[in-house]
Amino acid sequence: MAGAEQAVVGIANLPIRDGVDPPVASRRELRDLAVLLALPAMWVDLNPADIAAGLLDALFGMFRLSSGYVRFDGPAAGPALECWRPRGSRIPRELETVIAATPTREQGVMTTAVAAPDGNDHVRVISMSPSFPGENGIVVVGSAKTDFPTDFELHLLRTAVGQAAISIHSALRLAAERSARVAAEAALQRRNAFLASFADDLAGPLTLLAERAAQAHHLAVELPAPSATNAAAIEPIAAPSGTDASLEGNQSPASPARLTRREAEVLGLLAQGLSNKEIAAVLWLSDRTIERHITGLYRKIGVERRTEATAFALRHGLVDSGEHEL
């Protein structure tokens, strides 16, 4: 690389170009600055790759460059954004050496003279690193103008690179938020589909349960309550041998008078062929409570099976034999 020179330059007074009226030059440069400041609004809906390409297009239109290269490193281990002008299969040759010596933020801006592609002249090449926090990369541009860059052109170049870095950072953040939102919506749709499928699976059993509960309630409403006269008229049944004589009231264990009202209701429903779950639904009790009532009334009337309990209920008038389901 021929005669390399390095300079870190800052913002100075607006330059006065040969043959250009100073007020005209000032207006033109202020117009260029206004255009650069408006770039984020123009890039707001673009993806990061298009923003990087748009940066080069803006620089070429503003500075009449001969070549340019832009690279913004991606977040974490993601791919870098990379583009160059003139377009082609490879990076412009006069920029390759400068790109290999990427400046750091501490070095600022590097201005280097390199041989032109035709070998007959030199190209002034500027390289810089984006100054936006968290953004790494390099911007390299070349121009055949011998005074490139002027102080104000360098200021415009820095402004353009900073605007691009901010816009790319915002685009990447919005893309990440959009991706997270899409993933959350997909998870919500999967959950809703599962709940809908689960509800469909339960629809049949719930309908059947409601029908059986309604039938059991209808049977309970029609079931006549045992009167005191009928209970007194029932002849006592001899207690089986070995029965504890300490039973309350010294009554026979096979006497319906020994049953509580709830046990009599359970026995009547049991004798009509209802299952434990159906009896529980009719009486609004738990399955475990019904089981305890059945165990207690079995003991009191001295039976061990549902058929024996049903026969007892029919024999003692706790249920109408015409309503018993075989």
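Modeller: The answer below starts with the whole chain, then turns to one strand, its sheet and the loops beside it.

This is a predicted model, in which local features need pLDDT of at least 70 and side-chain atom pairs count only at pLDDT 80 or more, while totals for chains, interfaces and linings use all residues. Residues are numbered from 1 along each chain as its sequence is written, and side-chain values use heavy atoms, with hydrogens and water left out.

The protein chain has 10 helices and five strands; helices (H or I, at least four residues) and strands (E, at least two) are DSSP runs, numbered from the N terminus. Of the 326 residues in the protein chain, 38% are buried. Here buried means under 20% relative accessible area, exposed over 50%, and partly exposed in between, with a 1.4 Å probe and protein chains only.

The five strands form an open sheet in the order E2-E1-E5-E4-E3, with antiparallel pairing. Two strands pair if DSSP finds at least two bridges between them. Strand E2 (81-85) and strand E3 (110-115) are the edge strands, each pairing on one side only. From one strand to the next, the twist averages 15 degrees.

E1 pairs with E2 in the antiparallel sense over five bridges. Across this pairing, Tyr-69 stands opposite Trp-84 in E2, and Val-70 stands opposite Cys-83 in E2. Four of the five residues of E2 are buried, so E2 is largely enclosed by the rest of the structure.

Ser-67 counts as buried because its relative accessibility is 0%. Leaving aside residues up to four places away in sequence, Ser-67 touches Phe-60, Arg-85, Pro-86, Pro-92, Glu-94, Leu-95, Val-141 and Gly-142; contact means heavy atoms within 4.5 Å. With Glu-94, the side chain of Ser-67 makes a polar contact of 3.0 Å. A polar contact is a pair of N or O atoms within 3.5 Å; within protein, one must be able to donate a hydrogen and the other to accept it, and residues adjacent in sequence count only if both atoms are side-chain atoms.

Two helices lie across E1. Helix H3 (residues 48-63) lies across E1, E2 and strand E5 (137-143), running at about 25 degrees to E2. Helix H4 (residues 93-100) lies across E1, E3, strand E4 (122-128) and E5, and runs at about 35 degrees to E1. For such angles, axes are lines fitted to C-alpha atoms, for helices over the stretch in contact, and angles run from 0 to 180 degrees between N-to-C directions.

The loops come next. Arg-64 lies in the loop between H3 and E1. Arg-64 has a positive phi of about 50 degrees although it is not a glycine, and at 58% relative accessibility it counts as exposed. Pro-86, one of the residues that Ser-67 touches, is found in the loop between E2 and H4. The peptide bond from Arg-85 to Pro-86 is cis, with omega near -5 degrees. Another cis peptide bond joins Phe-148 and Pro-149, where omega is about -5 degrees; Pro-149 lies in the loop between E5 and helix H5 (151-222).
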